[in-house]
Amino acid sequence: MAQNNLTVKYAHTEGHTEICYDISGNTIFTSGSDGEVKIWNDFEDNQNPKSIKVGEVVHALTAKGEIIYAAADNNSVDKYNLSDGSPDGILLRFTGNATHMALSESQNTIVAGSSDFTAKAIDLETSDQQVFNGHKAPILSVAADPLDEYLATVSCDGDFRLWNMSDTDCIETVKVIKPSNDVCNSSSLCRMSWRPATGEDIAVPSDNEIKVFSRGTWTVIHSFKTALTNKPFNCCAFSPCGRFLAAATVDGWICVWDAETQDCLQTVQHALRTSICCLVWDPKENNTLAIADVRGQVGLLKNAVPSEVKTNQNSVPDDLDALFENEDGDLNDFLDDAAAESDSVKDDITSSKNKKRSENLISDDEMDTNDVKENDPSDFHIPSTNDLFAADDDDLAPPVIQQPMKPLLDNNDDAGSSVSHLLGDEPGESNDAKPAAYKGPAPTAMQPAFQPSATPVYLSHRFMVWNSVGTIRSYTDDMECAIDIEFHDKQHHYALHINNEAPGGGYLNTMADLSMNAIALAAESTDDIPSKLTCIYYSSWEGNKEWSVEMPDDEDIKALTIGESWVAVCTDARLVRMFSLAGMQRFLFSIPGPVVSMSAHTDQLLIAYHISQGFNGNQCLGYMLIEVGLGTGANRSKKIITGDPLPISKKSSLQWIGFSAEGTPVTVDTSGVVRIMNRSFSNTWIPVSNLNKLTKSRHDHYWVIGLHENPQELRAIMCKGSTYPATLPRPFPSILQYKLPLCEPESEKAKFEEEYWRSRLFSSHTKYLESHGFETDDKYKQSTEVLLQQTLMKMFALACKLERESRAREVCELLPSSSSVNLAIKYASRLKRMVLAQKLQEVAQEKQQEEMEAIMKMQNNDEDDDDDDESENPNDFKADLQAGYSHSNTEWAEHKRLSLQKKKNQRQESDAEENEQSDSEADVIIQNGDLDDSPDLGRNTKSTAQSQPAIKLSGSSRNPFKKRTTLTANLQSTSGSSSSSASVLDNISKKTSVSQKLRGVIAKSHSLSKKPALKNEKKQQTLFGATGSKFQLTSTPKGKKQQQSSTNIRQQNVDDDNDEQQSAVSKQILKDVRNECTSGVQLFVSEVRQKISEANPGLDGVEIRKIAIQDFRKLSAEEIKEWNEKAKSGGDSSTPATTGAKRKLDDDQDEENENTQDIENGVCDLPNTKMRKTDTISSQSSKSKLAAFAFES
């Protein structure tokens, strides 16, 4: 206790200072903030020591033999020669500055910790390195096990961790200090110390006490404190003999305890009360301590252990003697006899384990207490490590920790088996038989509750929340403890400043959430103050906007969130309490386990909780998604959407939970995996991004603050070299893109697949919003459908190129409509994959059937809605009179109904009479090649001729004021044409074809009857309409006689019909044809087919077109160009000559390639393109087929 025992001197500039001994104890090494390492061969002399410049600042130091290991500010541990101070290479590299370093007792391993959250161990002989990852803050202290089995670390996150050196797994985690964000802000350096030689326990500073953890169980067995100060301990160290423990505090106190009796032997305080940052024992003496402080001073504390404390030189035999000192003589005699008898039995033991155990047992000579002599008080000497192993120069291995001896035998056991008991064997059993011990997976500590988008509470400046509305920032400084609330939109609300200092000091509110209507704050309970919820309803119309409520005494708020019109808190009693924004308690319910986190969006509440204890570093979490029924949407029912286990990555914990801006649940775990719920697939979770793969360094992290599905963006803050962002300067969010983790992501096929499924996933939220009464963007839905269709067309083109026709068919099954499938059929036909085209025809027919069923269903729903509207409105006689109609069965109403029915019958008779005339007129048009799909004509005219039903004024259940929907009319007009597509290539174009316009003109002028006008051509087949096993290009062939008679009849009808109305119709048809023609060949065919028909009356429309196309090919290039220009100008110029050179095959090759490229790129307006002849067509017959198909409609 004498003050003069501690002598200090300035060695370095002010700042952190390190000090250490060499193994002999003759040399002292010091380093400091001046970047120098000083070597003191004689510390007490006043001469200047030898100095080596190693950097700007030295953070850690150790030495072995002739090598000095120093960690400067260059993110590495460097080696220097002791003799001349020259650099000798780099031992370890980090991505941050090394903060502490230690040399193992065997002098073979160096361990170091860094500010990049990692610790490393390196074997000095083999240079093998091991990396220990798991801490969430910079490393404060490292300590190597004397037996080289474990590594102990403490970091700024407050965790004391034990690592297995063999596999770098963390086997134990204990909270020992208050967390901080950097070494300079930590309350303690927490420098640990293992007990020398045996490593049976480890001393760890923990605030204002030193805790000693037992090896294996890692439980606290001793705790050392002093009444002189309540400041945290900075460092501690066991003496070389392992009996004494010294520790130093941040206010300069040095305490020395007897580790056996736990008595405080000496306390000394630094003269300047300066924080002592390093403390080591002299390895050759157990009575001297070397210290270093933060002012750059170093010193020695001599006579650290008072001379009146007597100890034996060999502490191991003393421990064994103390074990039996209270036993009687009979027991000692029995043990001696049993031990002597064991010598004769050891040779017969064959188990390798028993051999090893017998070698490790301390010999009888060592246990003989008669050889231990008492020290003369006049010649008192405290034992050191050198004394302990001085007798054995060859083998300096530390002694083995003695296993507890098993109980003695009962009286019924024989003497022969007693020896086996002493050796750890059971009678009749192998030596491996031991008390049953749990060897299964180690349990994992349950993750504590947290707030999404909030930094840890232990930070002095932290974000309490950061979301799409604004930020809430908490800070503590010398002036105040307050909360600042800022909104991203300054016009929404002004910023707020709230005092956050508790009455007894410290924080008041530790949790917060922010919405468009309110601010919620929550405080955990203390000894005097219960847990409390405070809400600021800033959008309220009343003047008093703030209210608060206290929780019951046995409940503490662990999670907090705000919905659209409610606030929810979850307590440690596993209760969720819900309040309105005005403060009314709505309802409460229980959850199955301890809460982890909560989040809300409009009317949805998402809760994550613990299902059970996790093992092997894994968390066992579950979630509950609830619609609370308090929102403004159409659905106000309270129901649980789902409640299942929550998937997270292996050996990770939940880091963020919430909703996207569109209301889809999302989670992020500590492995960086972002998962989103797929509502369209049984509420499963799909990983959409890995944030750790997006960082440039493994020490960087992304801190998520929000997600969007439209546009597909993830918003996060980049944290360089840390896990959480700093509050000032205010960080800038980064925008990240999603990417599904598909197989072979670099292949072209996987890129198309990833784009398709990602777009489909992020567009599925529209269905959920529409089902809950929210408005959606129609333009976004249309653009998404176009994008999906384009991506599928690219995938189809790629499958065709790779000759994967089965895959191509599967892709077509994903196309949204039959028209899209028709595009694929056209592309397959260009590639001459006729089998694929035929298979796609079946897909197109299925799509058409589905579309028809959907239309019918929509029509039925409209009719049901009409009936519902009429049933909801009861008959009001006065209202009917005011409207001018009556639903009662009056005589006038019955007379009116009969009159309307009579007119309808007369109209049908008139249509039947005109039907005969229309048959001959339609035959004339088909003969001219205008309509080749006559079955469609008959079906269209059937639907067109159907008259609208008259409105019944009496006894009717329909609403007379409701207009007839266009959906019904469209259904009647398209029912025939849609169902008649035996040829999938019919009606493929988005534009109305010439034949369709002709049908419309004829239907309007003649009102064709309901029955098909041309019965003989009802089963017409086109390009892919197969009869038997062969493809048919034209309509069903007829007999020559029948065909000749039909031609004669048509020609006769044409010659006999000179009616003015027919002439007007023909002029209108010709005008429409010319206006419809978009290319020169179409205009040429329309001009000359009449002449060809007159010259060859026996030809049908397809043959006429063949002849016209052949004539067009004979034209010269100038004439073809003239026809194309005429078609573009509308067909008003004169007809050019029809003679000339044969058309070249490569004239339109560029246009054909361009159209094919459009399909491969996913362009969806392919039906508007015109098919041209290509170089891949080898025969004249195939050329004719494609040409006929291209200009048929």
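The legends below describe close-up views of a predicted model. Local features need pLDDT of at least 70 and side-chain atom pairs count only at pLDDT 80 or more, while totals for chains, interfaces and linings use all residues. Residues are numbered from 1 along each chain as its sequence is written, and side-chain values use heavy atoms, with hydrogens and water left out.

**View 1. Strands S18, S19, S20 and S21 form an open sheet of four strands.** The order is S18-S19-S20-S21, and the pairing is antiparallel. Strand S18 (193-194) and strand S21 (220-224) are the edge strands; each has a single partner strand, so one side of each lacks a neighbour in the sheet. Strands here are DSSP runs of E with at least two residues, numbered from the N terminus. Two strands pair if DSSP finds at least two bridges between them. Strand S19 (residues 201-206) and strand S20 (residues 209-214) run antiparallel and are joined by six bridges. Within this pair, Pro205 has Ile210 in S20 as its bridge partner.

**View 2. Strand S4 pairs with S3 and with S5.** Strand S4 covers residues 36-40, and four of its five residues are buried. Buried means under 20% relative accessible area, exposed over 50%, and partly exposed in between (1.4 Å probe, protein chains only). Strand S3 (residues 28-31) pairs with S4 in the antiparallel sense over four bridges, with Val37 in S4 as the bridge partner of Ser31. Four residues separate S3 and S4 in a hairpin, and Gly35 in the turn has a positive phi of about 80°. Strand S5 (residues 50-53) also runs antiparallel to S4, joined to S4 by four bridges.

**View 3. Lys120, in strand S12 (residues 119-123), is buried yet has no salt bridge.** A salt bridge is a side-chain nitrogen of Lys or Arg within 4 Å of a carboxyl oxygen of Asp or Glu. The nearest side chain of opposite charge to Lys120 is Asp116, 6.1 Å away; Lys and Arg count as positive and Asp and Glu as negative, and His and the chain ends are not counted. A polar atom of the Lys120 side chain lies 2.5 Å from the backbone oxygen of Arg93. Residues touched by Lys120 include Leu92, Phe94, Ile110, Gln129 and Phe132, not counting residues up to four places away in sequence. Touching means contact, with heavy atoms within 4.5 Å.

**View 4. Leu151 lies in strand S15 (residues 150-155).** Leu151 is buried, with a relative accessible area of 0%. Its C-alpha atom is separated by 6.4 Å from that of Met165, 14 residues apart along the chain. Not counting residues up to four places away in sequence, Leu151 touches Val111, Phe132, Ala143, Ala144, Arg161, Leu162, Trp163 and Met165.

**View 5. Gly706 sits in strand S51 (residues 701-708).** Gly706 counts as buried at 15% relative accessibility. The C-alpha atoms of Gly706 and Ser453 are separated by 8.6 Å, although these residues are 253 residues apart along the chain. Leu714 and Arg715 are touched by Gly706, not counting residues up to four places away in sequence.

**View 6. Cys170 is partly exposed and Cys535 is buried.** The relative accessible area of Cys170 is 31%, whereas that of Cys535 is 0%. The structure holds zero disulfides, a disulfide being a pair of cysteine sulfur atoms within 2.5 Å.

Methods: Polar contact = N/O pair within 3.5 Å; in protein donor to acceptor, adjacent residues only side chain to side chain.
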